[in-house]
Amino acid sequence: MNNLLAGILPQSGGLEASGSGKYTLAMGVLALLSVLGVAAGVHSLIAGHEHTFGVSRGVPWGILIAAYVFFVVTSTGLCIVSSVGHVFGFENFNPIAKRAVFLSIATIVAGFLVIAFEIENSWRMPVGNVIGANLTSNIWWMGTLYGAYLFFMMIEFVMLQKEQHKAATGFGLAGLLTGVAAHSNLGAVFGLLNGREFWHGPYMPIYFITSAAMSGCVAIIFFTIIAYKANGWKMSEGMKKSMESVAKMGALMMAIIIFFTCWKMISGVTGNPPGKYETIMTLLTGSYALNFWVGEVLLGMVIPFAIILVVRGRNINALFVAALAGMVGIFVMRYDLVIVGQLVPSYHGMGLVDYPELLSYAPTLHEYLVVLGGVAFCGLFFLMGEKLFRGHVAEHS
Amino acid sequence: MKIDDLEKTTSEDLGVLPSVVRRNILKLGLVVTGMYLGGSILSLTSVRNVYGAGVVPEVGKYPYNPHYSMVIREKLCIDCEQCKEACVKTNHVPAYGFRTTILEKRRSLGGEKFETTFMPVLCNHCNRPPCVRVCPTTATWKDEKTGIVTMNPGRCIGCKTCMTACPYNARYFKEETRAVDKCDFCFESRLSKGQTTTACVEACPADVRVFGNLADPKSRVFKLVHAPETMIWVLRPETGAIPNIYYINS
Amino acid sequence: MKKMLLVLVLGAGLLSGALLFAASNAQEKTAYDEDAYGPKAPIVWVKPVRSVIFEHKIHTMDAGLDCGSCHDSLFEMENGAAEKKDDFTMATLYKGGYCGSCHDGSAAFASNTRCTSCHIGARGHARLNSQGGTAVKSH
């Protein structure tokens, strides 16, 4: 075990994390938040979601599912971004590859942490998934493939640390393929529900993969810049060049997402398709308009896209602002996608009396704490990684 | 005016309209609201019409035997909710949940007048149940013998995907069993113990709910569903789930 | 010119609004006399099934019946008297008892048709109660 660790952990070289006082404080705060989140999660499992969460019979999925989707979207995206460099050989992407692989593990583990509290009997899953395997269930495929994905990504990371690049590339490719398959299945979890007009159709899996790529670019810029700023490291020319390339790829993905979103909205309004129209209008002019226009459109698309274009991906401070806006915006996108898709009740459009036009959902303190715990856990993982792996510096870059 | 005088006057209610007119108005209403044979105006897709098939399967083409199903004689429902109470008692349904409930439709009759129709809803025990497809652990399945969509609470992981997949809002999470709960046509509480009908059917004072084996030509559900000149509809046919709760007005 | 037009339109709007308001007020005041037409509040029976509504207004003021048409031959005037009786059922109505005296298909729609005209159900009853609450507040 010690030998294995010694082989993985770099003993010298790379970048040394600075300011142990600051580091310990940050770690302490994040650990505290993680523990708080876990405590809220455990309490909600014991007391029951009926009493602790804002979810209901009509809106069974809440902010925890949104946070889970956010984490796995980011993880898949980081995997895609990392593979651009060392699987497909675009050298500009090499300097960020190690950190991206590490963070893809951190984000998916945080995602699993959050969903463990959303699934009310997660302990039944390991056995149930095997003896009750349902091959028509997208959730089953997603869970199983993400399990394999985590395994591949961990092996890939170990191989990267051990400088076994051939093996790393192989496992990276395996991770990429299972990640994309798993993630499109997550899209299909929503997209293949015939009764939910806002989600139904091939759009979801396609959109999920594209927004994963966008999230991956945004996330790696975000975390890399934080790591460098917090530790007072100086970016190498290679890293700067890499940031620029990632930012440009991110901008391209944002353009595609803007294009997708435009047509999603237009097709949801034209001809008032029942069930879909009500949902789209909730986003455009209804109770989720602020989320949509400010959160999704401004923070998630327009601001980061405009910033990257204006500075041509070269100004690190500007890139950080773009990435921060992007991260927040992407979270709002996931939240809206999950929640708004459930708001139109089953028997809408039948002329019912005393029947809600739209359902409502608001997260409770328990739910916020679990999500915050997941975010903090991801941050904890990230900070530890920077210190232990000395800034994830690739030797051959 | 005394009763005797009143009896001489002609009634002004809908009874004086020729039945053809009444039927046409009713059909128009159902077509518009998208409930009649898949709907053709408001309904997103009109799958049943497209393929030329009705909502009722061909005789002899029922996939199960007994093929349990329920016919709801909707017009007769008076929302006394004795069915709900019986269900709660029989199946230990908690206060925050329900396995069956009554919805209320309103149709304008012109002016300030309107007509109320109560619409009982429950699990449709679909032939192609979306909830069964999405369950990762097969905690819910369609019973091969009876066609009843059943739950195994011990297998349920609580992911609630079946709840989002169900087009009929027929499922809820029951904290007491830590599993999703739903109507099982009283299989566990009554049918498996030799009784022949569900608690809601037994409780209904207006004979709204008729339960039985659709594959048996002698059963009342068979006779109702295959009666001549009867309009039969199902809820949300556009989802392709092929429900087994039939609604009629006669 | 534009200002004039604005004043004109506003004035016309206000005037017609005031007239309509006055008219509706006047109508309400002369509309219902409880001594002649019976209690204004609807009666809701919850036995033997929830919940059946009866409105004096529809039967007296609107349909022209007087108190003697039903009281005390079909219904005692005492509140809740019918509900206590075992024969206050649809079966009795079909034989011409209680409401079935008129609701036989000739004088008025038959008791075995148009169920929800009178059966407002648990939902209707609940709504009536909540509306009653708000109506009292607004007056």
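User: Contact means heavy atoms within 4.5 Å. In this predicted model, what share of the contacts in chain C with a separation of 6 or more comes from residues 24 or more positions apart?

Analyst: Chain C has eight helices and two strands, and along the sequence these elements follow the pattern α-α-β-β-α-α-α-α-α-α. Among the contacts in chain C with a separation of 6 or more, the part that residues 24 or more positions apart account for is 43%.

User: How much of chain C counts as buried?

Analyst: Chain C exposes about 9,300 Å², of which carbon and sulfur atoms supply 63%. A residue counts as buried when its relative accessible area is under 20%, and of the 139 residues of chain C the share that counts as buried is 29%.

User: How much area do chain B and chain A bury between them?

Analyst: The two chains meet through 46 residues of chain B and 49 residues of chain A. In chain B, the residues that lose the most area to chain A are B:R133, B:T164 and B:R178, together 18% of what that side buries. Carbon and sulfur atoms hold 52% of the area buried by chain B and chain A, and that area is about 4,000 Å².

User: Which residues form the salt bridge across the interface of chain B and chain A?

Analyst: Between chain B and chain A there are 35 residue pairs in polar contact, and by class the side of chain B that touches chain A has 25 nonpolar, 11 polar and 10 charged residues. Side chains of opposite charge can pair when their charged atoms come close. The rule finds one salt bridge across this interface, and with the closest N and O atoms 2.9 Å apart, its partners are A:E120 and B:K160.

User: Which residues are linked with A:E244 in a network of salt bridges?

Analyst: A:E244 is buried at a relative accessible area of 10%, whereas A:K241 is partly exposed at 44% and A:K248 is partly exposed at 41%. Because A:K241 and A:E244 are three residues apart in helix 10 of chain A, about one helical turn separates them, and their closest N and O atoms are 3.9 Å apart. A:E244 and A:K248 are four residues apart in helix 10, also about one helical turn, with the closest N and O atoms of their salt bridge 2.9 Å apart. The residues linked with A:E244 in the network are A:K241, A:K248 and A:R314.

User: What is the N to O distance in the salt bridge of C:K85 and C:E76?

Analyst: Both partners count as partly exposed, C:K85 with a relative accessible area of 37% and C:E76 with 40%. Their side chains meet in a salt bridge with an N to O distance of 3.1 Å.

Technical notes. Residues numbered from 1 in each chain as written. Chains lettered and ligands numbered in written order. Predicted model: local features only at pLDDT ≥ 70, side-chain atom pairs only at ≥ 80, totals over all residues. Heavy atoms only, no water. Buried area = accessible area lost by both parts, 1.4 Å probe. Salt bridge = Lys/Arg side-chain N within 4 Å of Asp/Glu carboxyl O. Polar contact = N/O pair within 3.5 Å; in protein donor to acceptor, adjacent residues only side chain to side chain. Nonpolar A, V, L, I, M, F, W, Y, C, P; charged D, E, K, R; others polar. Buried < 20%, exposed > 50% of the residue type's maximum accessible area, 1.4 Å probe, protein only. Areas by Shrake-Rupley, 256 points an atom, 1.4 Å probe, with all protein chains shown as cover.
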